[in-house]
Amino acid sequence: MSEAKEINSAPLTPRSGIASPYTAPLTPRSGTVTPFTPPISAPPSQLHSPSLSRSPLLSFNENVEPIKGLNGTNRTPKGSRPRTPVQFITPFASPLRRAITPLASPLRRALTPLASPLRKAISMTKLDPQDAWLPITESRNGNAFYAAFHTLCSGIGIQALVLPVAFTILGWTWGIICLTLFFVWQLYTLYLLVQLHESTETGVRYSRYFTLCIAAFGEKSGKLMAMFPYMYLSAGTCVLLISIAGATCKILFQILCGPDCTAKPLTLTEWYLVFTCAAVVLSQLPNMNSIAGVSLVGAITAVGYITIIWAVSVAKHPLPGVSYNPIRYSSDIKNVFSILNALGIIAFAFRGHNLILEIQATMPSSEKHPSRVPMWKGVQSSYLLIAMCLYPLAIGGYWAYGNSIPQDGGMLTALYQFHGRDTSRFILGLTSVIVIINALSSFQIYGMPMFDDIESKYTMRKKKPCPWWLRALFRALCGFLCFFFAVAFPFVASFAGLIGGIALPLTLAYPCFMWVVMKKPKVYGPMWCLNWGLGVLGMILSVLMIAAGIYVVIANGVEFHFFKPH
């Protein structure tokens, strides 16, 4: 038996008539040989376990019998407590051995299960085994660059082109102030979501926005609050992308064909189908990390076409007789609702919060290198570029067109409508191509939650990953289902304010409530008051924006041409 194991043995009291294992063997006076009981040793797992999860076997017994030799004399020193094992191993009693004993070692006290870095590192990687089969969490080798590509591609897009429409109601001053407030607010809620992604206490990574809502609010409340807006922002954005990209494909054909073209063009529904087929083919990339290159292309094209649109509009100077006076109506109620609808349009311009946890889920995480550090770096760099795009687009677009900005389509429609003849066909064609490529790229990242949700139903039922052919079938089904809704409801783009009001809780309110529930800040402290105030304000604004969006749609009138896109 090794000496180290004897040191860590429990100081059990031997029976009388048997020599103590801590003393020299005694020779019996009679000729008989007394059997020798070996010391009881600790299991090797307790000596070498990195987690040190089990308690040491050393213990003290207040009622210890004296150890007696063969002659009946008391071999135990006086006193009710036995000596520690260290005092019995005088041949080996070096300062080093005293330092490494379980009782005297300060290292052991530091390496308790709660304080062990190894235990924390293990708990930080505690994952659902099913995650390895799903497209969002199948690969976890992302980095800050991938996070920046995904965030920029999902955070800026077609919806930003209607920002100048909000300025026609709010005017210069309040338009810029509201845009800045919403930008700072949504950037703060992004920070909250990045911090809430992983819990160092429970060891759980919340890889989906929907999962975090359920963990914070409970299963029933979480599903009720987040299911509709979460899936709407995913599937609804894909429907909107098909509508806008299909219309842009038709415009691109007209630009390339020229005014004297005799070729018969495709109908708008057929252009929808062309774009959907291309999006379905590209959607066969297996997981979120595999579309990092696609997101990079989407980010570059988003910055590109937004820059081209506002730069061309500003270079052509303001329209003749342009007016910058905020639009006002005779009814005070209509004025109030129009202002709220304008705020909903600004809120609609900020998207991507429903994907931020999914993007962070593609990154590795440990105690020393938590995923929130590179993720926040990626978010900061991407939103710096987003700010550099949104402010020139909103201010420059309103300066160029004033109150004449089209309500449906915003800056893209204004470019073709007011500068379609005095702008080169190359610039118009390049803008159309970039818009189509961006829509194709954005479709992939916004479609990923749909693909992930459908595949999760299969893996939960079958307890195995989806085969490649079934995965391809699921994604084709999702793509063509979005195509059906784009054809059936082609007027979706006219509900920008209403959509912004529906999506606002996910962007501005829910993250604040989830922070209070999960982080439990001090009641009535600064963080508690800030998050409760922002959350309540966000919910109030959401209700008012939804009511205003419905009122504006009814008052201004929208042509509900079902199954007749034009």
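Some ground rules come before the tour. The model is predicted, so local features need pLDDT of at least 70 and side-chain atom pairs count only at pLDDT 80 or more, while totals for chains, interfaces and linings use all residues. Residues are numbered from 1 along each chain as its sequence is written, and side-chain values use heavy atoms, with hydrogens and water left out.

Let's start with the overall picture. The protein has 19 helices and 0 strands. Both are DSSP runs, numbered from the N terminus: helices are H or I with at least four residues, strands are E with at least two. Of the 566 residues, 47% count as buried. Buried means under 20% relative accessible area, exposed means over 50%, and partly exposed is in between, using a 1.4 Å probe and protein chains only. Now contacts, meaning heavy atoms within 4.5 Å. Take those with a separation of 6 or more: residues 24 or more positions apart account for 80% of them.

Next, the core. A nonpolar core is a set of buried Ala, Val, Leu, Ile, Met, Phe, Trp, Tyr and Cys residues joined through side-chain atoms within 4.5 Å. The largest one here has 128 residues. Which residues have the most contacts inside it? They are Leu161, Phe182, Tyr209, Tyr305, Ile346 and Met514. Helix H7, residues 163–196, gives the most to this core, with 17 residues.

Look at Tyr209. Not counting residues up to four places away in sequence, Tyr209 touches Leu193, His353, Pro505 and Met514, among others.

Now find Leu508. Its place is in helix H18, residues 496–519. Is Leu508 buried or exposed? Leu508 is buried, with a relative accessible area of 2%. Leave aside its neighbours within four places in sequence. Leu508 is then in contact with Phe182, Trp185, Gln186, Thr189 and Leu534. Leu537 is 29 residues from Leu508 along the chain, yet their C-alpha atoms are separated by 8.9 Å.

On to helix H12, residues 332–349. H12 has 18 residues and reaches 26 Å from its first C-alpha to its last. That is close to the 26 Å expected at 1.5 Å a residue; the expected span is 1.5 Å times one less than the number of residues. H12 is mostly covered, with 13 of its 18 residues buried. What caps its N-terminal end? Ser331 does: a side-chain oxygen lies 3.4 Å from the backbone nitrogen of Ile333.

On a 1 Å grid over the protein atoms alone, a cavity is a set of points where a 1.4 Å probe fits but cannot get out, and lining residues have an atom within 4 Å of a point. Grid points are joined across faces, edges and corners, and a volume is the space filled by probe spheres set on the points. How many cavities of 30 Å³ or more does the search find? It finds 3 in the whole structure. Of the 22 residues that line the largest cavity, the closest to its centre are Leu233, Phe348, Arg351, Ile499 and Ala503. H7, helix H9 (219–257), H12 and H18 each give two or more residues to this lining. H18 gives the most, with 6 residues.

Two polar residues next. Thr151 lies in helix H6, residues 144–155. Thr151 is buried, with a relative accessible area of 2%. A polar atom of its side chain lies 2.6 Å from the backbone oxygen of Ala147. Beyond four places in sequence, the contacts of Thr151 include Ile356, Met375 and Tyr383.

Ser139 is in the loop between helix H5 (117–124) and H6. Ser139 is also buried, at 15%. Its side chain makes a polar contact of 2.8 Å with the side chain of Asn141. A polar contact is a pair of N or O atoms within 3.5 Å; within protein, one must be able to donate a hydrogen and the other to accept it, and residues adjacent in sequence count only if both atoms are side-chain atoms. Leaving aside neighbours within four places, Ser139 is in contact with Asn287, Asn289 and Thr362.

Last, backbone angles. Lys463 has a phi near 60 degrees, a positive value in a residue other than glycine. Lys463 lies in the loop between helix H16 (425–462) and helix H17 (468–488), and is exposed, at 62%. Tyr524 has a positive phi too, of about 65 degrees. Tyr524 sits in the loop between H18 and helix H19 (526–556). Tyr524 is exposed, with a relative accessible area of 66%.

Methods:
On a 1 Å grid over the protein atoms alone, a cavity is a set of points where a 1.4 Å probe fits but cannot get out, and a pocket is an open set with protein on both sides within 12 Å along at least five of seven lines; lining residues have an atom within 4 Å of a point.
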